[in-house]
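Good morning, and thank you for making the time.

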Amino acid sequence: MATIHPPAAGVSADDLTAIEAGLRADEPAYLADLERLVNIDCGSYTPAGVDEVGRFVAGFLADIGASVEARPDPTGRLGATIVGTLRGSAMPGARLLLIGHMDTVFDAGTAAERPFAVVEGIATGPGVTDMKSGLLAGLYAIRALVRRGELPFEQLTFVANPDEEIGSPSSTPHIIELAATADACLVLECARANGDIVSSRKGILDARINVHGRAAHAGVEPEKGRSAILAAADLVERLHALNGRWPGVTVNVGLIGGGTRPNVVAERCTLEVDVRAVRREDLEAAEGAIGDLLGELSVPDTTAELEPMARWWPMEKLERSGRLVEHAAALAERLGFTVRDAATGGASDANTTSGLGVPSLDGLGPIGGNDHAPAEYLDVASIVPRTALVAGLILAIGRDPVIGEWRAERR
């Protein structure tokens, strides 16, 4: 008869009480660090600011005993990826990967325009919830366990990503490398506004369609021209008609540019397209259907090609990810709140880890909302309980014999 291992059974009441009390004492320091980070302009294309956040993260990790690397962006246009590694007490044991990002979507000068503030328990400022609060939740949770001598892993790796808001072009190779030996991954994006964590995300194809026609004088001999704009206009309608062909698939042309001047038949037109799907097979089917449309343009002698700019396979809820959800729900109940897992349409680095087959859970940061907008906010009251949840979840994963068997299977 198989042994039953209830979720979070390896985390005692004394563990949670001590973790939560320690984090409650740390809350003023957490808020001071949050203010410091939010008031740094660190949009993805502001590498000096991103690297300033990176130095903070590297220093924090070094102070708790991690070996730390700063891995520069090979193009020099983005900040460095910070990788901190902690060796645990279990040899051999599970390997856990945590990921948080340091960049925001905001331009330089935004922090000065609307700096960090707390009014009636609500914190505001650029990146306050997406995701400075989650980044700090991961760091403070790990420190809470290190202080107690509780790191029941062979290895725990923390990745601070400089470019998630633009698709993680520089950090993805590092994440893939580190995920290859991980048994589970926790991503520290904020919880949904209703408190839900995230167990699945849509996959995304971010693509450009280049339509080619033939230029001609629009008044003197228009018949010699082949309008790329006209072909593209019809194509936009047919692309949008793909919405709903597969469950959960969305196709949106969000940007159009073409032509040179009104008296010239347009030789070129460009469409930028966002395609999303819940399942990988449906994303692949949608991309194939788009390819078919490009071979059937409405204007004779025009052509088009699809240029993929970025791709994230869906974060599908793996069977083993369900074990992580069970741990989170059980721990939350013992901490005095309810957690449910949900699906969302946005992508994150969890798409990458889940796509590699690594059981992954996201949305573990404090509760907030209005991401990417001036009204972005964080519920300050959620900081301690959600950080305690992260710490408890780390402990539960490390002590779970079921997850230990996953590791044994991979060796």
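Let me begin with a question: does Met131 count as buried or exposed? Met131 counts as buried, because its relative accessibility is 0%; here buried means under 20% relative accessible area, exposed means over 50%, and partly exposed lies in between, with a 1.4 Å probe and protein chains only.

A word on the source. This is a predicted model, in which local features need pLDDT of at least 70 and side-chain atom pairs count only at pLDDT 80 or more, while totals for chains, interfaces and linings use all residues. Residues are numbered from 1 along each chain as its sequence is written, and side-chain values use heavy atoms, with hydrogens and water left out.

Met131 sits in helix α4, residues 128–147; helices are DSSP runs of H or I with at least four residues, strands are runs of E with at least two, and both are numbered from the N terminus. Not counting residues up to four places away in sequence, Met131 touches Gly100, His101, Leu188 and Glu189, where contact means heavy atoms within 4.5 Å. From Met131 to Asp400 there are 269 residues in sequence and 28 Å in space, C-alpha to C-alpha.

Arg323 touches His5, Pro6, Pro7, Asp400, Val402, Ile403 and Trp406, with residues up to four places away in sequence not counted. Arg323 and Ala8 are 315 residues apart in sequence, yet their C-alpha atoms are 9.9 Å apart in space. At 11% relative accessibility, Arg323 counts as buried.

Next, helix α10, residues 383–399, which holds Thr387. Of the 17 residues of α10, 16 are buried. Thr387 counts as buried because its relative accessibility is 2%, and beyond its neighbours within four places in sequence it is in contact with Leu23, Tyr30, Ala137, Tyr140 and Ala141. The 17 residues of α10 should span 24 Å at 1.5 Å a residue, and its end C-alpha atoms are 24 Å apart, which agrees; the expected span is 1.5 Å times one less than the number of residues.

In α5, residues 172–179, the buried residues are Thr172, His174, Ile175, Leu178 and Ala179. Seen down the axis of α5, they fall within an arc of 160°, so they line one face of the helix; the arc is that of the directions from the helix axis to the C-beta atoms. Thr172 counts as buried at 19% relative accessibility, and its contacts, neighbours within four places aside, are Gly167 and Thr352.

In α7, Asp282, Leu283, Ala286, Ala289, Ile290, Leu293 and Leu294 are buried. These cover an arc of only 145° around the axis, which puts them on the same side of α7. An α-helix has 3.6 residues a turn, so residues three or four places apart point the same way. The buried residues of α7 pack against β10, α6 (228–240), β12 and β13.

Finally, the largest pocket. It is lined by 27 residues, of which Glu164, Glu165, Gly346, Ala347 and His372 lie nearest its centre. A pocket is an open set of points, on a 1 Å grid over the protein atoms alone, where a 1.4 Å probe fits, with protein on both sides within 12 Å along at least five of seven lines; lining residues have an atom within 4 Å of a point. β13 gives the most to this lining, with 3 residues. Thank you.
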